[in-house]
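Take a look at the model below. Then read on for a short tour of its ring pairs and its charged pairs.

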Amino acid sequence: METGFLPHIKCDSVREAVAALVEPLAQECGLSDREQLVDEIIRREQEGSTAIGGGLVIPHARFAEITEVKIALATLQQPLEVATADGRPVDVVILLVGPEGDPRSMLRVLARLARLVKLDGFLDTLRMAREPAQLRLSFARGDLS
């Protein structure tokens with residue numbers, strides 16, 4: 001089963017998208033309080049939006065119950081109107097959560113992700129994926145390692 005890869009989900013806000021992405025991560029990691037993680041991610045997002053343009057937002061946070069960096073990804077059925085530098089609505093959400101005591105691992109993944117999303121056609125390939133396995137494969141082809 002492809003957890004954490006959700007193609008063409010319906011949601012009305014970044015919070016709803018984050019909650020949908022947190023759910024499989026919470027199950028995988030055995031988190032005791034999913035809502036607390038969602039709140040922390042949204043708190044961080046309110047401090048400074050991670051909507052970077054091109055239809056992409058990368059909400060992220062560090063959390064006590066997470067032991068290693070986790071990535072979850074969703075494409076959206078309907079784009080969300082979120083303030084971005086280029087004014088383009090958001091339709092790709094890449095969620096990163098990492099361990100509270102290890103900011104370096106999170107920064108390394110964010111740096112790699114920043115390079116990855118600049119690749120020609122990468123985000124469009126994600127948008128075209130119709131199944132979780134296809135979305136995961138499209139993401140993995142970008143080689144985030």
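The model is predicted, so local features need pLDDT of at least 70, side-chain atom pairs count only at pLDDT 80 or more, and totals for chains, interfaces and linings use all residues. Residues are numbered from 1 along each chain as its sequence is written, and side-chain values use heavy atoms, with hydrogens and water left out.

**Helix α5**

Start with helix α5, residues 132-140. Helices (H or I, at least four residues) and strands (E, at least two) are DSSP runs, numbered from the N terminus. The buried residues of α5 are Leu135, Ser138 and Phe139. They lie on the same side of α5, because they cover an arc of only 100 degrees around the axis. That arc is taken from the directions from the helix axis to the C-beta atoms. Buried means under 20% relative accessible area, exposed means over 50%, and partly exposed is in between (1.4 Å probe, protein chains only).

What do the buried residues of α5 pack against? They pack against strands β1 (5-9), β5 (70-80) and β6 (90-99). They also pack against helices α3 (103-117) and α4 (122-128). Contact here means heavy atoms within 4.5 Å.

**Aromatic rings**

A search of the whole structure finds two aromatic pairs. Rings of Phe, Tyr and Trp (its six-membered ring) pair if their centres lie within 6.5 Å. Planes under 30 degrees apart count as stacked, over 60 as edge-to-face, and the rest as tilted.

Phe5 and Phe139 form a tilted pair, because their planes stand at 55 degrees; their ring centres are 6.1 Å apart. Phe5 lies in strand β1 and Phe139 in helix α5, so this pair ties together parts that are 134 residues apart in sequence. Both residues are buried.

Phe122 and Phe139 form a tilted pair too, with 6.2 Å centre to centre and 50 degrees between the planes. Phe122 sits in helix α4 and Phe139 in helix α5, 17 residues apart, and the pair links distant parts of the chain. Phe122 is buried, with a relative accessible area of 6%. For Phe139 the value is 7%, again buried. Ring pairs link Phe5, Phe122 and Phe139 into a cluster.

**Salt bridges**

How many salt bridges does the structure hold? It holds nine. A salt bridge is a side-chain nitrogen of Lys or Arg within 4 Å of a carboxyl oxygen of Asp or Glu. Three of the bridges are listed here.

| Salt bridge | Closest N to O |
|---|---|
| Glu23 and Arg34 | 3.1 Å |
| Arg43 and Glu40 | 2.5 Å |

Take Glu23 and Arg34, which form a salt bridge. Glu23 lies in helix α1 (residues 14-29) and Arg34 in helix α2 (residues 34-47), so the pair ties together parts that are eleven residues apart in sequence. Glu23 is partly exposed, at 32% relative accessible area. Arg34 is partly exposed at 30%.

Arg43 and Glu40 are three residues apart in helix α2, so they are separated by about one helical turn. Arg43 counts as partly exposed at 36% relative accessibility. Glu40 counts as partly exposed at 22%.

Lys70 counts as buried, at 13%. Elsewhere, salt bridges that share partners join Arg15, Glu35 and Asp39 into one network.
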